[in-house]
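Student: Could you walk me through a structure today? I would like to ask questions as we go.

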Amino acid sequence: MTITKRASAGVLESERRWNVYSSSANVSERQAAPPPLAISTVIFALRPSESSGRPTLWLPLVRRIREPYKGLWALPGGPLSHSESLQDAASRNLIETTGLAPSYLEQLYAFGGLHRSPTQRVVSIVYWALVQPTEAALADESENVRWFRADRLGELAFDHNAIVDYALWRLRNKLAYGSVAYHLLGEYFTLAQVREVYEAVLDRQLDPANFRRQLKSTPDIEETGEYLQGGKHRPPRLYRFTGRPGLDPDNRSTP
């Protein structure tokens, strides 16, 4: 199956699961029952800006092919089945719609506003992950699955604009501690590449000399003795991250 067909089939399967659930009970039964649980995911990756070529923050979205919000873009997701853990459902939804299987997929927040959906109340458990450029390049894309710049999304379905804004807020706060930035890089990186991650996430430029001085004084960064080749100038030194994997210890997943 081609990438386009596989991505489209995943979107259709995700929409079918919602349709089966919604049609299995009448209006009065749905109102009397507890609200259904859904899983959504926010996946951030770095991609070059189309204008400047500098790294910018992007995320994959899925176009809705049924009402409500038919034609609008939304976060990958779908209903939670009785036979899945939360994390398994998040992983399955991502595979079905985007083909992505992030190494780290962790809970972000639960969104349960009364009017998130115009047809019925739905509580969404939202997961998030950061993927390296090589992982992001493997994502399925089609007319219904596409990458968007995080700062140029337009109107999304449901409350997904608010979800992305919250994810960005959490990501920016976590840059102040932990190992978040290194999950957007490859195994080896230059100090300038780390600065580019910070600039992309914070959406502002940083002083290179001050940033380099602060970064070299932090733990869990080790010189490799290797250098980045292929540039016109003196090749920069390569480093690697030696700390604990994961987004952060305060953001544990629920099985």
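Tutor: We shall discuss a sheet, some salt bridges and a few side chains. This is a predicted model, in which local features need pLDDT of at least 70 and side-chain atom pairs count only at pLDDT 80 or more, while totals for chains, interfaces and linings use all residues. Residues are numbered from 1 along each chain as its sequence is written, and side-chain values use heavy atoms, with hydrogens and water left out.

Student: What is the order of the strands in the open sheet of 3 strands?

Tutor: The order is β8-β10-β9, and the pairing is antiparallel. Strands are DSSP runs of E with at least two residues, helices are runs of H or I with at least four, and both are numbered from the N terminus. Two strands pair if DSSP finds at least two bridges between them.

Student: Which strands stand at the edges?

Tutor: β8 (188–189) and β9 (221–227) do; each has a single partner strand, so one side of each is left without a neighbour in the sheet.

Student: How many bridges are there between β9 and β10?

Tutor: There are 4 bridges between β9 and β10 (residues 237–241), in the antiparallel sense. Opposite Arg 237 of β10 stands Tyr 227.

Student: New topic: how many salt bridges does a search of the whole structure find?

Tutor: It finds 9. A salt bridge here is a side-chain nitrogen of Lys or Arg within 4 Å of a carboxyl oxygen of Asp or Glu.

Student: Which residue meets Glu 84 in a salt bridge?

Tutor: Arg 92 does, at 2.5 Å from N to O. Arg 92 also forms a salt bridge with Glu 96, where the closest N and O atoms are 3.3 Å apart. Arg 92 and Glu 96 both belong to helix α3 (residues 86–97) and lie 4 residues apart, about one turn of the helix.

Student: Is Arg 92 buried or exposed? And what about Glu 96?

Tutor: Arg 92 counts as buried at 15% relative accessibility, and Glu 96 counts as buried at 17%. Buried means under 20% relative accessible area, exposed means over 50%, and partly exposed lies in between (1.4 Å probe, protein chains only).

Student: Which residue forms a salt bridge with Glu 222?

Tutor: The side chain of Glu 222 meets that of Arg 240, at 2.8 Å from N to O. Glu 222 lies in strand β9 and Arg 240 in strand β10, so the pair ties together parts that are 18 residues apart in sequence. Glu 222 is partly exposed, with a relative accessible area of 34%, and Arg 240 is partly exposed at 31%.

Student: Now Ser 124, please: in which strand is it found?

Tutor: Ser 124 is found in strand β6 (residues 123–130). Ser 124 counts as buried at 4% relative accessibility.

Student: With which side chain does Ser 124 make a polar contact?

Tutor: The partner is the side chain of Arg 116, at 3.0 Å. A polar contact is a pair of N or O atoms within 3.5 Å; within protein, one must be able to donate a hydrogen and the other to accept it, and residues adjacent in sequence count only if both atoms are side-chain atoms.
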